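Hi,

Here is the structure I promised to pass on.

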Amino acid sequence: MRTAYDVETVRTAERALMARLPEGALMQRAAAGLAAACADLLGKVYGSRIALLVGSGDNGGDALYAGARLARRGAGVTALLLSPDRAHASGLAALRSAGGTVLGAEADASTGIVGRADLVVDGIVGIGGKGGLRPRAAQLATAAAASDGLTVAVDLPSGVDADTGTVHGEAVRADATVTFGAYKPGLLVDPARAHAGALRLIDIGLELPPGRAELTALQHDDVAALLPEPAGESDKYRRGVVGVVAGSARYPGAAVLAVAGALRGGAGAVRYVGPAAQAVLSRFPETLVSAGPPAGAGRVQAWVIGPGLGDDASGLADVLSADVPVLIDADGLRLADAKTVRARTAPTVMTPHAGEAAALLGVERGRVEAERLASVRELAERYAATVLLKGSTTLIAPPPGDGDSSPTRVNPTGTPWLATAGSGDVLSGLTGSLLAAGLAPADAAATGAYLHGLAARHAADGAPVSAQDVAAAIPAVWRDVRG
Ligand SMILES: NC(=O)C1=CN([C@@H]2O[C@H](COP(=O)(O)OP(=O)(O)OC[C@H]3O[C@@H](n4cnc5c(N)ncnc54)[C@H](O)[C@@H]3O)[C@@H](O)[C@H]2O)[C@@H](O)CC1
Ligand SMILES: Nc1ncnc2c1ncn2[C@@H]1O[C@H](COP(=O)(O)OP(=O)(O)O)[C@@H](O)[C@H]1O
Ligand SMILES: [K+]
């Protein structure tokens, strides 16, 4: 599991550790890790040209000390100082005595040092950054973007918000980020994540309380432990039955795709209720179909409602009053009333994309995309539901009061190839099936998103995919995760 902590928690852990260590020891650990990562990226340190972008805080100190280490290995290192009189004094001394050059940031305009560097080290700001980059810092970020060399961010790409993943104006775009002690939420959530490049975590000895994590990302082992597996005494009912209320005369395909996802999600049977039964049966004869209403369809352990429903709200009351987990997607999100959802006693999972989330929150889509973490948490609170916000970073927020041990999850497996019509329908069926198989709501949502993202990568393999391809690839990635 990857775990991210907010700045306040990291600072507290740093203080506790610093009190036990000699002065400067922590920064030396950070700088050693940073220098090693830079050397890996460069391949050959001797003779390389390195530009350090140095702000006035400890982030700049890390860059200066790492620069000194690289200068001692034969690199030509130049530091560009944003505030010469406030730059980290002992870091500066170390760089100078290792043979590095120190200039004011304005020197870049006349010398073009950043543009010609093999490696640009962004030590402008780290977790002490506030708001958007100030104009001179922003100029350096622009110069780094235009450089021929690679850019490594120290702790965080300067200009992104560590706690929220928002980006205010110009920010450094790194090829890699070397972060210290713990991942910060902004490194895992877009739009900031897209600025971070490849992540490398350096252990500097911080002890972080697991219960204070802001964000977790499941990895193979975590997901493998959650996947349902039939036991010897299983039958189709014990494995769970998922009911799917989806599709319409206009959108029969949404029903087919939701059922396609559901059939691969571990439930023992899939019931389909709605007007697209012929389309579903011709593609998946194993589906149990009925014309409705949902209450008359027979027993189910979880419902999925919404994909391709159009304006048909007729099944909604039955489904929302059922005492089993319900996943609401697509048109269902628009049709469901917040009060009814809040009043449910069994769990509810909602799966909006940014546009749907914006409509539910009454804000512009752009705001949801800029503030994904705040948006998903706000929806989870409003609806007292587990909310899975889809998109370039898929986030899963549990309802408030779900226990401190349940932080927001971020899915690490997505791919932009998933942005294809109908892939969300596959995800809702898949996740509903995992709910029916007995996974807790946040686990079902995180596992569904994980498998769905991996399936898209597997199916795409560098080429466009359709939603059907994604569904068909689920068994292969399930096997892969089980290892
Ligand atoms: N505290 C510790 O024990 C350790 C800290 N480390 C480093 O220290 C960093 C934190 O250092 P600081 O607390 O000094 O803070 P930073 O160096 O991140 O930033 C503070 C400085 O940046 C300036 N600044 C803030 N917002 C700005 C903006 N929008 N535009 C331009 N300049 C801005 C401030 O004036 C201040 O001088 C970490 O990110 C990490 O890189 C590491 O050395 C590991 C150990
Ligand atoms: N840029 C992106 N990067 C990664 N995944 C994406 C991106 N854009 C969309 N997705 C994923 O693609 C799927 C699209 O779902 P959705 O928007 O509901 O489409 P549809 O309604 O056509 O099924 C979601 O799983 C979402 O997370
Ligand atoms: K930085």
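A word on terms before the notes: axes are lines fitted to C-alpha atoms, for helices over the stretch in contact, and angles run from 0 to 180 degrees between N-to-C directions. Helices (H or I, at least four residues) and strands (E, at least two) are DSSP runs, numbered from the N terminus. The model is a predicted one, so local features need pLDDT of at least 70 and side-chain atom pairs count only at pLDDT 80 or more, while totals for chains, interfaces and linings use all residues. Residues are numbered from 1 along each chain as its sequence is written, and chains are lettered from A and ligands numbered from 1 in the order in which they are written.

Let me start with a helix pair. The axes of α20 (residues 441–460) and α21 (residues 467–482) come within 8 Å and cross at roughly 105°. The two are therefore roughly perpendicular to each other (the label covers 65 to 115 degrees; under 35 counts as roughly parallel, over 145 as roughly antiparallel and the rest as oblique). Residues in this contact (C-beta atoms, placed from the backbone, within 7 Å) include Leu451, His452 and Leu454 of α20, and Val470, Ile474 and Trp478 of α21. By class, the contact has eleven nonpolar, two polar and one charged residues. Here Ala, Val, Leu, Ile, Met, Phe, Trp, Tyr, Cys and Pro count as nonpolar, Asp, Glu, Lys and Arg as charged, and the others, Gly among them, as polar.

Next, the sheet. Seven strands make up an open sheet with parallel pairing, in the order β4-β3-β2-β5-β6-β7-β8 (two strands pair if DSSP finds at least two bridges between them). At its edges are β4 (101–104) and β8 (198–202), each pairing on one side only. On average, neighbouring strands are turned by 20° against each other, direction ignored. Strand β3 (residues 76–81) runs parallel to β4 and is joined to it by four bridges; threonine 78 has threonine 101 in β4 as its bridge partner. Packed on the sheet is helix α3 (residues 58–72), which touches β2 (49–54), β3, β5 and β6 and makes about 160° with the direction of β2. Helix α2 (residues 25–42) lies across β5 (119–123), β6 (150–154), β7 (176–180) and β8, at about 160° to β7.

Now the ligands. Ligand 1 is surrounded by 27 residues, the closest being Gly57, Asp58, Asn59, Gly126 and Gly128 (a residue is near a molecule if its C-beta atom, placed from the backbone, lies within 6 Å of it). Helix α3 supplies the largest share of this shell, four residues. The shell divides into eleven nonpolar, ten polar and six charged residues. Around ligand 2 there are 18 residues, with Lys390, Gly414, Leu418, Ala419 and Gly424 the closest. Helix α19 (residues 423–436) gives the most to that shell, with four residues, and the shell has six nonpolar, ten polar and two charged residues.

Two backbone details are worth a look. Most residues other than glycine have a negative phi, and most peptide bonds are trans. Aspartate 155, in the loop between β6 and β7, has a positive phi near 70°. A cis peptide bond joins aspartate 190 and proline 191, with omega about 5°; proline 191 is found in the loop between β7 and α8 (193–196).

Best wishes

Technical notes: Two residues are in contact if their C-beta atoms, placed from the backbone, lie within 7 Å.
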